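Biologist: I have the sequence and the model open, and I would like to know what stands behind the words you use. Please take me through them one at a time.

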Amino acid sequence: MRWSQSFLVTLREVPGDAEVVSHQLLYRAGLIHKLAAGIYSFTPFGFRSLRKMIDIVREEMDATGAMEVDLPILQPKELWVESGRWQRYVDDGILFHLEDRKGGEFALAPTAEEAVTDMVRRSVTSWRQLPFNLYQIRTKFRDEIRPRFGLLRGREFLMKDAYSFDVDEKGLDVHYRKMDAAYRRIFERCNLEYALVEADSGAIGGSASQEFMVVADTGEDALVFSDAGDYGANVEKAVTAPLPEPWAGEEPRSFGEANAPTPGITTTEGQAKHLGTTPERIVNTMIYEAVGADGKAWLAAVLIRGDLAINEVKLPKAIGALHVKLASEEILGKVTGTRPGFVGPLGLLPFEENPISLFVDRSLEHGANLWCGANLEGLHHSGVSIPRDVLSLPYFKGVVEVATAREGDPSPTGKGTLRIRRGIEVGHIFKLGTKYSEAMKCEVANQAQKMVPLTMGCYGLGLGRTVAAAIEQNHDDVGIIWPVPLAPFACVVAVLQRDAHVLEAADRLYEGLKAAGVEVFYDDRDERPGVKFKDLDLVGFPVRVVVGGKGLQRGVVEVSTRRERKAAEIAPDRVVELVKKTLAAGAKTLVTD
Ligand code: ATP
Ligand code: MG
């Protein structure tokens, strides 16, 4: 492919909305084009990278025995009502949906559990037809609240989604392990540095779930790792070993009713300072509106140590709710009689018909000599003992573990200290269990001739997001440093002048490389060398061959890798072999021997 005959347009400016480097570089290198917020076109060059990603994913999925399918993106509402997802996705605002001319409602698929389950339930009747794993590589639609970061969070994006079907949990385990291994190979083939973390699997369904994360400072996920190397989890899911208790060994003082004034001070730090203590000794009481699996609403009061924060992803499952949200100030006022800052666990009232349940975070279970809000403006109780004064309340329901893990906390494995890093979720494997098969009656007769819902797994992988993550991990000040397997072209030949003998030598090299099976691009433009070098660095060809008149007089051309940017003078007849060897070794450095 010659530049003079191709559609590759690099740009100098960075678009205003490009906050992260992969977005800036994909745009400036002319690989993507924004059509609307979160909606991108791939140019021919960008699509070559995406295609490589598609090929890698397809090869590795096929190698596991999974079978490719093609499921509709436009899906009828009825199917989504059956699975129970329609209303929740509409309420969340994530679902793109529309009406047809007859008033029928449809969704643009954000994933395809319903569509695949519908196909399977109509075709399979016996355990003998199992197991199998069906996958597709297709566009997904999600009306993300904040579409941003270019390909990292789009509203229309390419996902590989796979769905495994087994007669029991044991079969699912086999599929899950196969997918785990395939994902490792995929990200290794992309030369990505990645980490596996335990992930939250939501309030309903799903027993195990892991995310594949590309570690990068710009990642939207916070990841918790033990420095002993034996634990990794998304912060949404992470737990810690029990924290040291500052009150250990202390004699509990007597309860001091509303005898600690905290006038107008609503922050934990402010109150601790005013009371002459530390935030660990201040009990924060958070009131949540919860909805149970039965659809009933209730209220939850959750007690947490003042130096910790409640993890609202972990919370619903821990307290047995489907979802929770912080109570409005109005409800809070009715339940407690006061405003945030002075709320406490004693004397809470139910709101209308909604009962109230009290939960205590594990960090406070043995707490003594604490302060908590007195449910009176500007006042706290002192000398609070959790076992004596709180665990005995009639609406106390349980000790739960809902604190957000912090840098420096002890690892739950008992070894090491937790460290927090940022990551980009590129893949997610998930044991769904029977959530969809039960809701949608996707059943077969098992060996004992009993009808059972199929046991499912689902496995997602973002292709555009992975390409962008590769750039987040591989770039420098001047442009992209493509991992060879994802580069639009592995090599570029560029001429410094369009003199006949230079073009002739470059043509020969270009043809020679092509004949040797190297994916080579040819910068034959009539541009100043400075302009060309800038472009070639920006687009990030792993290996570059520069042909100029002066070099040819001495019988050499210049070859360099993008990563090192150090040119070596090489005789033209050695170039093909050298380029091939260098590419085979990952193009980190020139392989000259
Ligand atoms: P996130 O938490 O980042 O929103 P998710 O957990 O909702 O992602 P999944 O439903 O697990 O995503 O989707 C599977 C994969 O699809 C993700 O691991 C990711 O690689 C990709 N993906 C999800 N949402 C987007 C998006 N908006 N843009 C690009 N890729 C996405
Ligand atoms: Mg996910």
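Modeller: Let's start with strand 11, where D221, L223 and F225 point one way, A222, V224 and S226 point the other way, and all of them are buried. Please keep in mind that this is a predicted model, in which local features need pLDDT of at least 70, side-chain atom pairs count only at pLDDT 80 or more, and totals for chains, interfaces and linings use all residues. Residues are numbered from 1 along each chain as its sequence is written, chains are lettered from A and ligands numbered from 1 in the order written, and side-chain values use heavy atoms, with hydrogens and water left out.

Biologist: What makes a residue buried, exposed or partly exposed?

Modeller: Buried means under 20% relative accessible area, exposed means over 50%, and partly exposed is in between, with a 1.4 Å probe and protein chains only. Over the whole protein, 54% of the 593 residues are buried.

Biologist: How do you know which class R574 belongs to?

Modeller: R574 has a relative accessible area of 37%. That value falls between the 20% and 50% limits, so R574 is partly exposed. R574 sits in the loop between strand 31 (568-570) and helix 16 (575-584).

Biologist: What makes a stretch of chain a helix or a strand?

Modeller: Both are DSSP runs, numbered from the N terminus: helices are H or I over at least four residues, and strands are E over at least two. By that count the protein has 16 helices and 31 strands.

Biologist: Why is helix 5 described as largely enclosed?

Modeller: Eight of the nine residues of helix 5 (residues 113-121) are buried, so the rest of the structure largely encloses this helix. E113, E114 and A115 are among the buried ones. Helix 12 (residues 463-473) is also mostly covered, with ten of its eleven residues buried.

Biologist: How do you know that strand 11 and strand 21 pair?

Modeller: Two strands pair if DSSP finds at least two bridges between them. Strand 11 and strand 21 have six bridges, so they pair, and they do so in the antiparallel sense. One example is A222, whose bridge partner in strand 21 is R422. Strand 11 also pairs with strand 12 (residues 232-234), antiparallel and over three bridges. Those two form a hairpin with five residues between them, and G229 in the turn has a positive phi of about 80 degrees.

Biologist: What do you find around ligand 1?

Modeller: The shell holds 15 residues, with R142, E144, R153, G154 and E425 the closest; a residue is near a molecule if one of its heavy atoms lies within 4 Å of it. Oxygen atoms of ligand 1 lie 2.8 Å from an N or O atom in the R142 side chain and 3.1 Å from a polar side-chain atom of H428. The protein covers 83% of the 590 Å² of accessible area that ligand 1 has on its own. Strand 21 gives the largest share of the shell, four residues.

Biologist: What makes E425 and H428 donors to the magnesium ion?

Modeller: Donors are N, O and S atoms within 2.8 Å of the metal (3.2 Å for Na, K and Ca); water is not among the atoms, so sites may look incomplete. E425 (OE) and H428 (ND1) coordinate the ion, ligand 2, at 2.3 to 2.4 Å, so both fall within the limit. H428, at 18% relative accessibility, counts as buried.

Notes:
Polar contact = N/O pair within 3.5 Å; in protein donor to acceptor, adjacent residues only side chain to side chain. Areas by Shrake-Rupley, 256 points an atom, 1.4 Å probe, with all protein chains shown as cover.
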